[in-house]
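The questions below work through a protein and DNA assembly, going from the surfaces beside the DNA to the chains themselves.

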Protein chains: 2
Amino acid sequence: MARATTTSDVFNAVAEPKRREIVVLLAASKPQTVGELVGSMDLAQPAVSKHLAVLRSVGIVNVEKRGKERLYSLNPQSLKPLHDWVHPFEKLWTSQLDRIKRRAEKMAAERAAKN
Amino acid sequence: MARATTTSDVFNAVAEPKRREIVVLLAASKPQTVGELVGSMDLAQPAVSKHLAVLRSVGIVNVEKRGKERLYSLNPQSLKPLHDWVHPFEKLWTSQLDRIKRRAEKMAAERAAKN
DNA sequence: TTGACATATTCCTGTATCGACATATGATAG
DNA sequence: CTATCATATGTCGATACAGGAATATGTCAA
């Protein structure tokens, strides 16, 4: 078996940094044209279009035709599975008890480093 | 340029379903042996060991030698970057305003489907 | 129709999986 | 020391990228 497709999953789609960048850009400013995205991305147009195709295929972005341009917009709900998976882990590092634990471990590590 | 390494990033490491499964298993029950993980995973031991190696290399899990066994434990903080990236998007789908917006879009889509 | 512009698609190359299988390493008991 | 158990590592085959370059598609204006 080989590596999973980038289009198989929100997790895989978003594993690529440039695609995350696109998501952030679309979240910051409202619907944008491919050209606008290219303008703010240091990546050639074909590459951007391909990334957009991946994001489209997993439902992260929507397209709307507007003359010869295409307006891409973010579909935030699509990121919910990612959020739902990672969110429960938050309590494992925010609890007071855990912060004490980490502090102790850190001190132990420093102690060990001196010997 | 090819696809990024699975060990290059928490995002890439966690893009693989089996590795997410391991993370969940380690979060549920405390430190576990490779054998225990294999026992609850429908995947051969070498494959599990390799996934653990990937998770180790990005700091998602820690190992501790215990005789001939190795105890793997979760390092939850390592997931923080993932959480920090996705969390801001939550408000885009939980706000009352946005729920109304989605509702309207859905109705428009149904209307369009009838025509 | 023709040309110009915006975007998508195709082809190519180098690289990195993932799992199965076989084998190496390492620790412990007897 | 040797056999055994737990885990790690290496090899192989099929697969899938990501970006560059070239080209196709589609839309508008004159």
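In the classes used here, Ala, Val, Leu, Ile, Met, Phe, Trp, Tyr, Cys and Pro count as nonpolar, Asp, Glu, Lys and Arg as charged, and the others, Gly among them, as polar. The model discussed is a predicted one.

Q: Which element gives the largest share of the surface near DNA strand C?
A: Two or more residues of the surface near DNA strand C are given by each of helix H3 (34-39), H4 and strand E3 (69-74) of chain A, and also by H4 of chain B. The largest share of that surface amounts to six residues, and the element that provides them is H4(A).

Q: Which element supplies the largest share of the surface near DNA strand D?
A: Of the 29 residues around DNA strand D, those that come nearest are Ala2(A), Thr6(A), Gly35(B), Pro46(B) and Ser49(B). At least two residues of this surface come from each of helix H4 (45-57) of chain A and, in chain B, helix H3 (34-39), helix H4 (45-57) and strand E3 (69-74). By class the surface has 11 nonpolar, nine polar and nine charged residues. The largest share, six residues, belongs to H4(B).

Q: What relation do chain A and chain B have to each other?
A: Chain B is superposed on chain A by a rotation of 180° with 0.0 Å of shift along its axis, leaving an RMSD of 0.1 Å.

Q: Which element gives the largest share of the side of chain B that touches chain A?
A: The contact takes 21 residues from chain B and 21 residues from chain A. On the side of chain B, two or more residues come from each of helix H1 (10-13), helix H2 (17-28), helix H5 (80-86) and helix H6 (91-94). The residues of this side divide into 13 nonpolar, four polar and four charged. Its largest share is five residues, and they come from H5(B).

Q: What pattern does chain A follow along the sequence?
A: The secondary structure of chain A comes to seven helices and three strands. Among its contacts between residues at least 6 apart in sequence, 50% join residues at least 24 apart, and buried residues make up 26% of its 115 residues. Read along the sequence, the pattern is α-α-β-α-α-β-β-α-α-α.

Q: How is H2(A) oriented relative to H4(A), roughly parallel or roughly perpendicular?
A: In the contact, Lys18(A), Arg19(A) and Ile22(A) of H2(A) meet His51(A), Leu52(A), Val54(A) and Leu55(A) of H4(A), and these residues divide into four nonpolar, one polar and two charged. The axes of helix H2 (residues 17-28) of chain A and H4(A) lie 10 Å apart, and the angle at which the helices pack is about 75°. Because angles of 65 to 115 degrees count in this class, H2(A) and H4(A) are roughly perpendicular.

Q: Is Ala13(A) buried or exposed?
A: Ala13(A) has its place in helix H1 (residues 10-13) of chain A. Leaving aside neighbours within four places in sequence, Ala13(A) is in contact with Thr6(A), Thr7(A), Arg19(A), Val54(A), Leu55(A), Val58(A) and Ile60(A); of these, Ile60(A) is 47 residues away along the chain, with 8.8 Å between the two C-alpha atoms. Since 27 C-beta neighbours lie inside 10 Å, Ala13(A) counts as buried.

Q: Is Asp42(A) buried or exposed?
A: Asp42(A) is found in the loop between H3 and H4 of chain A, and has a positive phi of about 50° although it is not a glycine. Most residues other than glycine have a negative phi. With 8 C-beta neighbours inside 10 Å, Asp42(A) counts as exposed.

Q: Where is Asp42(B) placed?
A: Asp42(B) is not a glycine, yet has a positive phi of about 50°. Because 8 C-beta neighbours lie inside 10 Å, Asp42(B) counts as exposed. Its place is in chain B, in the loop between H3 and H4.

Technical notes: Residues are numbered from 1 along each chain as its sequence is written. Chains are lettered from A and ligands numbered from 1 in the order in which they are written. This is a predicted model: local features need pLDDT of at least 70, side-chain atom pairs count only at pLDDT 80 or more; totals for chains, interfaces and linings use all residues. A residue is near a molecule or strand if its C-beta atom, placed from the backbone, lies within 6 Å of it. Helices (H or I, at least four residues) and strands (E, at least two) are DSSP runs, numbered from the N terminus. Axes are lines fitted to C-alpha atoms, for helices over the stretch in contact, and angles run from 0 to 180 degrees between N-to-C directions. Angles under 35 degrees count as roughly parallel, over 145 as roughly antiparallel, 65 to 115 as roughly perpendicular and the rest as oblique. Two residues are in contact if their C-beta atoms, placed from the backbone, lie within 7 Å. Copies are superposed by least squares on the C-alpha atoms of residues with pLDDT of at least 70 in both. A residue is buried if 20 or more other C-beta atoms lie within 10 Å of its own, exposed if 12 or fewer, and partly exposed in between; C-beta atoms are placed from the backbone.
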